[in-house]
Structures are given as structure tokens and as C-alpha cells.
Amino acid sequence: MESVLVLIVGAGPAGLATAACLGQFSIPYAIVERESCSASLWRNRAYDRLKLHLAKEFCELPHMSYPVDAPTYIPKTLFVKYLDDYVERFNIQPKYLTSMESSTYDNDEKCWSIVATDMSKCTTVKFTAKFLVVASGENSAENIPMIPGLENFPGDVIHSSSYKSGKSYSGKNVLVVGSGNSGMEIAYDLATHGANTSIVIQSPIHVMTKELIRLGMTLAHHLPLNLVDKLLVMAAYLIFGDLSRHGISRPKMGPMTLKSETGRSAVIDVGTVGLIKKGIIKVQGSISKIKGNIVKFQCSKRISFDAIVFATGYKSTANIWLKVI
């Protein structure tokens, strides 16, 4: 049994930032991580061309800035190095390969009782903590929707977390399911590597440039969100035009308000929209079922595909082990 004042679960950016801040005030803590490294999502499950979609001034962790020569939009490799430097600078020592099993709060003792597994030794470890910080994020378990017939699809089926590059898909018919930032960027990457690319867009999305989002986040400190939203939507229309004719509709709620109230982010265009307008990337509606290598859409369209990439997000696993009474 290890007794700590604060137990942090997760050694991603949020967990590391929490650890650094506690360390600055000499508050004792322990940090556990189920993977074998920090920031495993960025290190192991991000595609090669990924960059931070927000400008660097919005993505710094507490007490440490990026190098002065860092680009405005930080690429994946530089962000991982920044996190490694952060761990070293603040002497953060996560207990890796430690998987949470259960946690309950004892009202009498006013503390958390936590059970975890040391995956390297296959042993049980127990903690008591006055405070529990859940920093395991929303991106824990891959989410692939249940589609009739998917289990018999003969081609490649992967989640976006396993996608690295479109090089191996050149000349193949590939369907990307999901039109968030990952889906739109993966579709672009596939198309630029010569894949015959389609993307499923079934929900309204805001399409912005990274410069517009940077402007919006700056203006949000000085103006009401509804006014910022009006300016962003107007600017996006001037840049992209009416996208509804290309199968992309816009939500009724503005991009900043949508993010604030629902957590849904605008899509940062990396060139995907231009390829959609040219017909290089084809927009499809909802899937009804799959038969063999044929995907049938709800509009009754049937198309043959060699591979399907699911950019359908993740599910948090914290509700499995976190018991709140």
C-alpha cells in the first residue's frame, strides 16, 4: 500500500502539466500511466503529417515555453520532444505500465482507495490518496461503430490511431469514415498519395483555416462569443464559399460557441476542401450496410472499396474504474 497526497492518472499533456504545477509548490504526488511512455497518443497513435491545430501560444504547458525558433504550428515530432523536455525539466517520474482497476472514495477516511495492476510484474498495487486527478483523457479506447456486414469486409479496416501515411494506399479505393480533423486530414493525405478517396460526412461541421481559429481565440478574450462567431462564419464563407453544394453543411451554432458548449471543434482545413471541390475527394453520406467489399450508403449508392479508415474518435475508459458514490 502506497499512501500519497495526490495521485495523477495519465501521463499525457494534462497529467504532466498537473505534476509540474504540484512540483512547483512542493506538493507530493505520484503519477501512473498504463502505457510504457508518456504522451502515448502523440508518440504512438498519431499520423505522420499531424501538427497542432492551434497556434503554439495556446498549446504551451505551464512554466515552460516552446523554443523561440519553434514554428507557429508545432509538428508532432517537435511536440513530443517538447513533452520529453518538460518531463526532464520538472523531474516527473511516472510509474509506467500501471493500469487502473478500481477507485473508490472512503467518506469516513476522506481518501481514495485505488487498486491498480503493475503490468510489467503482473502484480496488484494499491494506493491511498487524499486527492485523485483523472488525466487519462477522452482518447483512451478506439471507437469503431457497429455497421452491418463490417465483420466480413475483405479489405483493410483500421482506426485512425493506426494510420500513419497514405503511401501504401496509392491506387486503392479508400473510404474514410468521420469528418472531424483527423478524418479530413487523413482523406487529404490519402488523396495526395494517389488513393481514390471518399469521405463520409453525415453531420454539420464548421470548416475554418488555422488562421481564423487563431483569430477567434484571440478575439474571444475581448468580445462576446456570438460576435466572434459571426465574424468567423462570415470570413469562412468568403474563403470557402457555399460548401453545401459539396455535401458539407454548417451547424446552426457558431464555431466558438459550439466548442464551448459541446466540446465539438471546428475542422481546420489543410487542403481537403479544395480537393473535394475538384472532385478528387468524394463526399458520401451515411452508410447503411456493407456486403463483401461493397459499401451501401443510405442514398442507395453502392461503391467498392479496398480499405476503410475509421476516424470516429475514442471513448474514455475512466468510467470503468472510477467509482463515484
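Does arginine 214 count as buried, partly exposed or exposed, and what is its relative accessibility? At 32% relative accessibility, arginine 214 counts as partly exposed, where buried means under 20% relative accessible area, exposed over 50%, and partly exposed in between (1.4 Å probe, protein chains only). The structure is a predicted model, in which local features need pLDDT of at least 70 and side-chain atom pairs count only at pLDDT 80 or more, whereas totals for chains, interfaces and linings use all residues. Residues are numbered from 1 along each chain as its sequence is written, and side-chain values use heavy atoms, with hydrogens and water left out.

Along its principal axes the C-alpha trace spans about 60 × 50 × 40 Å, and 43% of the 325 residues count as buried. The secondary structure comprises nine helices and 18 strands, these being DSSP runs numbered from the N terminus (helices H or I, at least four residues; strands E, at least two).

The largest nonpolar core holds 66 residues, of which Tyr86 and Ile92 touch the most other members; such a core is a set of buried Ala, Val, Leu, Ile, Met, Phe, Trp, Tyr and Cys residues joined through side-chain atoms within 4.5 Å. At least three residues of this core come from each of domain 1 (2-137) and domain 2 (143-314), with the bounds taken from an automatic or database domain assignment. When neighbours within four places in sequence are left aside, isoleucine 92 is in contact (heavy atoms within 4.5 Å) with Leu16, Ala19, Ala20, Tyr29, Ile31, Tyr86 and Val87. Another core, of 14 residues, lies apart from it and includes Val32, Leu132, Ala318 and Trp321.

Six salt bridges are found in the whole structure, each defined as a side-chain nitrogen of Lys or Arg within 4 Å of a carboxyl oxygen of Asp or Glu. In one of them, glutamate 57 pairs with arginine 214, the closest N and O atoms being 2.8 Å apart. Glutamate 57 lies in the loop between helix H2 (40-44) and helix H3 (76-89), and arginine 214 in helix H5 (residues 210-219), so the pair ties together parts that are 157 residues apart in sequence. Glutamate 57 is partly exposed, with a relative accessible area of 40%. Lysine 81 forms a salt bridge with aspartate 85 at 2.9 Å between the closest N and O atoms, and these two residues, four apart in helix H3, are separated by about one helical turn.
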